[in-house]
Each structure stands twice: as structure tokens, then as C-alpha cells.
Amino acid sequence: MTIRVIIVDDQAMVRAGFAALLSAQADIDVVGEAPDGRAGVSVARSTHPDVVLMDVRMPEMDGLAAAREILSPPPGVVHRPKVLMLTTFDVDDYVYEALRAGASGFLLKDAPPADLIGAVRVVAAGEALLAPSVTRRLIADFAASRPAPRRDRSVRLNGLTPRETEVLELIARGLSNQEIAGHLVLAEQTVKTHIGRVLSKLDLRDRAQAVIFAYESGLVTPGDA
């Protein structure tokens, strides 16, 4: 199945470069572009993409506000694409907020071309894209300035088994499924099963929201990461 993508970025050269790279892939079709967040929301509504590549900082409407509108559409709008945030900086509070809003992850603009192509495919498949080294700093830095853990979230942790809680903690520390499997001496498929149960029990959309939940519940603190 072809992955439908739109690119939202205020730099024309960036849009053109990403479009050329992605369009060259047999399984990816760039169906639209926009120079700012407000136009990006409009293009997303009209083209129904599978993935939106969204720059963080833009005029008119920034990427965070645009992501919120796309991921929390008004009544009557049923299409909700995946949103992959693009940022120039490896630590950006806006990206944290975008993850909380439901974005599926983020990617640095200077990432190798293969990483961009792979990111689109990963996000389109319903997975979250979290670069461990960057994500740990991003969320830890933001969490360090946040108030005490939210009690409603800490209570919800009680519904997890000890093993599921352990898996959630390792996800929040930035470990991949393979790394979690090695750490816990489990089969990777077993780890995937545990992650699926964690997401279901906590009513979380994906791995990105699981990381944030772990911090906001107090399961993981900045020093742990």
C-alpha cells in the first residue's frame, strides 16, 4: 500500500528536498505541501494523508498548534493522520508538547536521508519514532521543571503487572524492544506483547505517549534516565 505524505515547512528548499527524496520511493507518494501550520491543517483535511511531516517553528501557526488541530479534529472530521515532527534542535520543548498532543515522534532535519524514509514508514505502520539519546534528554529536561507527579496517572499504574511496569520503565529510558528483551532476558515478541498490554491498560495511543505517561506518573524521574 502506498503511504500518502504531506510536508509542512516554511522553507521551500526543505519541502522540495524532502518531496524529491520521498517521491523517489515506490511505496511513498507526496500528495501535498504547505508553508505554514494553518495551511498545513487545510492541506491535511483535503488530501487525507497517512503521514504529516510537520516543522516545529513556522509563521502563521506553528507546528505544535497545527498538530493539535490535526490530531484533535472538530466533530465530523474522521480522518486523523500520523504526525511526525521535524526540528532543527535536538532538545525542543515544543516537541515534547507535540508528543503529548498525540504526535507519533520527531526527527532532526539534518538526519540522513535513509532515516527520513525509514521514519515515514515506521510512523505509517502505527509505531512511534523515538530517537533514544535525544528523547531521553528532551523529556528529562522538560520533566525536571514540571510539578509533582499527577496522582491520577500514578494510580493507573496499579493496573499493571510488575513485569509490565518494568517494561514501561525501560521504554521511558529510551530502550528499543531488542534492548528491553536483552535486559529482561525475554523474547522480543514477548516484549511486544507486554508493550501492547501496557498501552491497552493505560489507554495510550503509542510508545511516545507511554514515555510521557511514565514521567508524569512519577514511575521514572529525570535522574533515572
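I take "partly exposed" to mean a relative accessible area between the two cut-offs: buried is under 20% and exposed is over 50% (1.4 Å probe, protein chains only).

**Ground rules**

I am working on a predicted model, where local features need pLDDT of at least 70, side-chain atom pairs count only at pLDDT 80 or more, and totals for chains, interfaces and linings use all residues. I number residues from 1 along each chain as its sequence is written, and side-chain values use heavy atoms, with hydrogens and water left out.

**Entry 1: salt bridges**

I looked for salt bridges, meaning a side-chain nitrogen of Lys or Arg within 4 Å of a carboxyl oxygen of Asp or Glu. The structure holds seven.

I started with Glu166, which pairs with Arg163. Their closest N and O atoms are 2.9 Å apart. Both residues sit in helix H8 (residues 162–172). I use DSSP runs for helices (H or I, at least four residues) and strands (E, at least two), numbered from the N terminus. Glu166 and Arg163 are three residues apart, so about one helical turn separates them. Glu166 is partly exposed at 32% relative accessible area. Arg163 is partly exposed too, at 30%.

Next I checked Arg121 and Asp27. Their closest N and O atoms are 2.9 Å apart. Which parts does this pair tie together? Arg121 lies in helix H5 (residues 113–124), and Asp27 lies in the loop between helix H1 (12–23) and strand E2 (28–34), so the bridge ties together parts 94 residues apart in sequence. Arg121 has a relative accessible area of 34%. Asp27 has 24%. I mark Arg121 as partly exposed, and Asp27 as partly exposed.

Then I turned to Asp55 and Lys109. Their closest N and O atoms are 3.3 Å apart. Asp55 is in strand E3 (residues 51–55), and Lys109 is in the loop between strand E5 (105–108) and H5, so this bridge links parts 54 residues apart in sequence. Are these two buried or exposed? Both Asp55 and Lys109 are buried. Bridges with shared partners join Asp9, Asp55 and Lys109 into one network.

**Entry 2: nonpolar cores**

I then looked for nonpolar cores (buried Ala, Val, Leu, Ile, Met, Phe, Trp, Tyr and Cys residues joined through side-chain atoms within 4.5 Å). The largest has 24 residues. Leu168, Ile180 and Leu202 touch the most other members. H8, helix H9 (177–184), helix H10 (188–202) and helix H11 (207–216) each supply at least two of its residues.

I listed the contacts (heavy atoms within 4.5 Å) of Leu202. Leaving aside neighbours within four places in sequence, Leu202 touches Arg156, Leu160, Leu168 and Phe213.

A second, separate core has 21 residues, including Val43, Ala44, Ala66 and Ala98.
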